[in-house]
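Please walk through the charged side chains of this protein with me.

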Amino acid sequence: MTMDRSLPPPFGRALCAMVTPFTETGALDPGGAARLADHLVTGGCDGLVLSGTTGESPTTTDAEKTALVRAVREAVGDRAAIVAGVGTSDTRHTVELARAAEKAGADGLLVVAPPYSRPPQDALEDHFRQIADASGLPLMLYDIPARTGTRIEPGTVLRLAEHPRIVAVKDCSHDLLGVQQVLSRTELAYYAGCDEHNLALYAIGAAGYVSTVANVAPAGLRRVLDVFDAGDTARAARLQRRATPLIGRMMAAGLPGTVTAKALLTALGLPAGPVRPPLRPAGRETADELLAVYEQFLHS
């Protein structure tokens, strides 16, 4: 069965892959996270994905991940879905994080293919099934082979779609044909994980996006989907194109999106703080360029 666009997607349409705010000394900033989460939801985000790639999950502790979910849950209440990133290279550790996220108040789980391990597809499938069985929360698969070294192959996704708690995919595969193959045969909610694909995937039946750029432009990106749903597809395409310089500068300028998002948030006076090593903050020149492109986007 194919996904029915008339049904509400499991976590909303416009999701932000939220940065994890730190204090100037590098500690977790729960108060800053609460303020940023409230700002993003007020700006149009239906959901917040915490402790993903943009959330610097490799360098936050289990306790910090749990505290982050609690702080954001308290800040946004039931106004937005919270999806907690729990993926690690260890199945047992991922199960522990999944259960902790459920207790902390998350609405769903984001689970990446185990980085570095590069398991074969049957082992990968078993990994996801064990995590889906470990809690009562719905699960979003995260397919980003450029970072993990392992593709979640379309055939594996089709089999995993049979699990009642595996309901969504965040797609960074850059495989439009593979996405369509799964969309045509399942009810999985696909979310674009690369901002340049937000409208393209939405137009062929995806549920929406999980966006790094939404940290600084939640309303502008959401407007693309709203205009498309209103039937003005040509205007939606124009709005997507207007966002292209900002997307390009933030996501394809040789720096991780976490770095560019935090640089812009700081320039805008919003909670962000530094990045944790081995990442380095953007330099002054890069930060100024980001701000200039952002302001051009606002006034375009």
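The paragraphs below take up the ground rules, then the charge pairs, then two further residues and a patch.

This is a predicted model, in which local features need pLDDT of at least 70, side-chain atom pairs count only at pLDDT 80 or more, and totals for chains, interfaces and linings use all residues. Residues are numbered from 1 along each chain as its sequence is written, and side-chain values use heavy atoms, with hydrogens and water left out.

Start with the pairs. Side chains of opposite charge can pair when their charged atoms come close. Here a salt bridge is a side-chain nitrogen of Lys or Arg within 4 Å of a carboxyl oxygen of Asp or Glu. By that rule there are 14 salt bridges.

Take Asp 46 and Arg 222. Their side chains form a salt bridge, 2.7 Å from N to O. The partners come from distant parts of the chain, 176 residues apart. Asp 46 sits in the loop between helix 1 (30-42) and strand 2 (47-50), and Arg 222 in helix 9 (residues 218-229). Helices (H or I, at least four residues) and strands (E, at least two) are DSSP runs, numbered from the N terminus. Asp 46 counts as partly exposed because its relative accessible area is 21%. The scale is simple: buried means under 20% relative accessible area, exposed over 50%, and partly exposed in between (1.4 Å probe, protein chains only). Asp 46 and Arg 222 also belong to a salt-bridge network with Arg 13, Asp 226 and Asp 229.

Next come Arg 276 and Glu 64. This salt bridge spans 2.8 Å, N to O. Arg 276 lies in the loop between helix 11 (257-267) and helix 12 (284-298), and Glu 64 in helix 2 (residues 62-76), so the pair ties together parts 212 residues apart in sequence. Arg 276 is buried, at 13% relative accessibility. Glu 64 is buried too, with a relative accessible area of 17%.

Helix 2 also holds Arg 73. Which residue does Arg 73 pair with in a salt bridge? The partner is Asp 107, with the closest N and O atoms 2.7 Å apart. Asp 107 lies in the loop between helix 3 (91-104) and strand 4 (108-112), 34 residues from Arg 73. Arg 73 is buried, at 19%. Asp 107 is partly exposed, at 30%.

Now look at helix 6 (residues 154-160), where Arg 159 is found. Arg 159 has a relative accessible area of 36%, so this residue is partly exposed. Setting aside residues up to four places away in sequence, Arg 159 touches Glu 125 and Arg 129. Contact means heavy atoms within 4.5 Å. Gln 121 is 38 residues from Arg 159 in sequence, and 11 Å away in space, C-alpha to C-alpha.

Is His 163 buried or exposed? His 163 is buried, with a relative accessible area of 8%. This residue is in the loop between helix 6 and strand 6 (166-171). Beyond its neighbours within four places in sequence, His 163 contacts Arg 129, Ala 132 and Asp 133.

Arg 223, Arg 235, Arg 238, Arg 241 and Arg 242 form a positive surface patch. Patches are made of residues with over 30% relative accessible area and no salt bridge: like charges are joined within 9 Å, nonpolar side chains (Val, Leu, Ile, Met, Phe, Trp, Tyr) within 5 Å. Helix 10 (residues 233-251) gives the largest share, 4 residues. Arg 242 lies in helix 10 and is partly exposed, at 41% relative accessibility.

Methods
Areas by Shrake-Rupley, 256 points an atom, 1.4 Å probe, with all protein chains shown as cover. Lys, Arg positive; Asp, Glu negative; His and termini not counted. Charge placed at Lys NZ, Arg CZ, Asp CG, Glu CD.
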